[in-house]
Amino acid sequence: MQRSKIAGIGYYVPKNVFTNEDLKKYMDTSDEWIQERTGIKERHYADRTGETTTTMGVEAAKIAIERAGITPQEIDFIIFATLSPDYYFPGCGVLLQRALKMKEIGALDVRNQCSGFLYALSVADQFIKTGMYKNILVVGSEKHSFGLDFSTRGRNISVIFGDGAGAVVLQPTNALASSGKEQGILSTHLHSDGESAEILAMYNPGTHANHWQPEPFATFDKAEIGQMFMSHAMIDYAQNFPNMDGPAVFKKAIIKMPEVVEEALLANGLTTANIDLLIPHQANLRIAQFVQRKLNLRDDQVYNNIQKYGNTTAASIPIALCEAWEEGKIKEGDVVCLTAFGSGFTWAGAIIRW
Ligand SMILES: CC(C)(COP(=O)(O)OP(=O)(O)OC[C@H]1O[C@@H](n2cnc3c(N)ncnc32)[C@H](O)[C@@H]1OP(=O)(O)O)[C@@H](O)C(=O)NCCC(=O)NCCS
């Protein structure tokens, strides 16, 4: 059977490094609190005016395309995952198509937050397997620094997130690894549970005005047509920033991430002993450590880089995958397992034989 393989991979992080000490200039926090609860030492922030989610995605994509040995004009489909798009609409996919002067190919935007890259990878995998496309560009990119509350009010969220982008080019393959086993993406597994959608969410701007409203906005006069989508009150009540019940997210993530890894292993007749490298979504180092313990994996079987980049949401898995590959931690024939969990809730897993 035709499968898809990662033919090229790249990542880009902005030059500007923001340490935990730097954050103390804006909010009441400490390096000790952040490192102890999240493992994060520093993160990168995009240039305020010169860089966007799309421009970072473009930089990562250029590297992935070059490493795949093709040109941007040979890409026949784009999938762009982000929760921090340049515009509310249109999506970043078309902006990337324009920036890279690609042909008039399809461009799909995926909005699955921290699971966004794995959802995008899964969609791309299906298109390759059916023979529909031959060179699909999958990008995950985020410019969080533009939309966080850097006052003490928002400190539980703003210290966690960072900016960056990662990209892969998927191509069809029938190849076998030197072990004689089939190479490429072996399977992907997608899940959701919308019951707790508001636990990790950015409510505004949005069209929910007559349905769900957080306090104190619920009591606000909603009568005026044309003022629902974005209003001064939203800004006054800090409703334009993300909200998160951190402990609730933590509890669910440490159950669902190992669960989907087990599901993916089982689907391929593998066990945790077969994992050469697990790349968990870089949400929080403590979550990754819980996942590692639950799966009984050795330190050398798990890759983490959240210490340097923070949580870059849709970009975190491709950045970590690329960095691990560049460091020589992924070799031909290795079983690489990816797992993500995030807002929605959505979670996902994938197994690749490199
Ligand atoms: C966010 C998270 C680090 C908070 O850690 P926690 O141990 O759960 O902390 P709590 O939210 O219970 O807050 C504990 C205290 O620290 C304070 N605090 C929150 N953020 C702080 C910060 N940046 N600096 C210092 N103190 C902070 C709180 O105000 C609270 O103070 P209080 O006890 O006086 O009320 C943790 O819940 C987490 O990582 N959750 C998962 C989040 C995640 O991964 N999100 C991305 C999903 S993909």
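Which residue in E6 is the bridge partner of Ile78? The partner is Leu137, and the views below start from the sheet that holds this pair.

The structure is a predicted model, in which local features need pLDDT of at least 70 and side-chain atom pairs count only at pLDDT 80 or more, while totals for chains, interfaces and linings use all residues. Residue numbers start from 1 along each chain, as its sequence is written.

**View 1. An open sheet of five strands in mixed pairing.** The strands follow the order E1-E7-E6-E4-E5; strands (E, at least two residues) and helices (H or I, at least four) are DSSP runs numbered from the N terminus, and two strands pair if DSSP finds at least two bridges between them. Strand E1 (3–12) and strand E5 (106–110) stand at the edges with a single partner strand each, so one side of each lacks a neighbour in the sheet. On average, and with direction ignored, neighbouring strands are turned by 20 degrees against each other; axes are lines fitted to C-alpha atoms, for helices over the stretch in contact, and angles run from 0 to 180 degrees between N-to-C directions. Strand E4 (residues 77–81) pairs with strand E6 (residues 136–142) in the parallel sense over five bridges.

**View 2. Helices H5 and H11 against the sheet.** Helix H5 (residues 116–129) lies across E1, E4, E5, E6 and strand E7 (164–173), and runs at about 175 degrees to E6. Helix H11 (residues 316–326) packs on the sheet and touches E1, E6 and E7, with its direction making about 90 degrees with that of E1; contact between two residues requires their C-beta atoms, placed from the backbone, to lie within 7 Å.

**View 3. The crossing of helices H3 and H4.** The axes of helix H3 (residues 53–67) and helix H4 (residues 92–99) come within 9 Å and cross at roughly 55 degrees. H3 and H4 are therefore oblique to each other, where angles under 35 degrees count as roughly parallel, over 145 as roughly antiparallel, 65 to 115 as roughly perpendicular and the rest as oblique. The contact is formed by Thr53, Thr54, Gly57, Val58 and Ala61 of H3 together with Cys92, Leu95, Leu96 and Ala99 of H4. By class, this contact of H3 with H4 has six nonpolar, three polar and no charged residues; Ala, Val, Leu, Ile, Met, Phe, Trp, Tyr, Cys and Pro count as nonpolar, Asp, Glu, Lys and Arg as charged, and the others, Gly among them, as polar.

**View 4. The crossing of helices H8 and H9.** The axes of H8 and helix H9 (residues 285–294) come within 9 Å and cross at roughly 40 degrees, which makes H8 oblique to H9. Phe250, Ala253, Ile254, Met257 and Pro258 in H8 meet Ile287, Phe290, Val291 and Lys294 in H9, and by class the contact has eight nonpolar, no polar and one charged residues.

**View 5. The shell around the ligand.** The ligand is surrounded by 21 residues, the closest being Thr29, Arg155, Asn156, Gly246 and Ala283; a residue is near a molecule if its C-beta atom, placed from the backbone, lies within 6 Å of it. Helix H2 (31–38), helix H6 (155–158) and helix H8 (246–267) each supply at least two residues of this shell, which by class has 12 nonpolar, seven polar and two charged residues.
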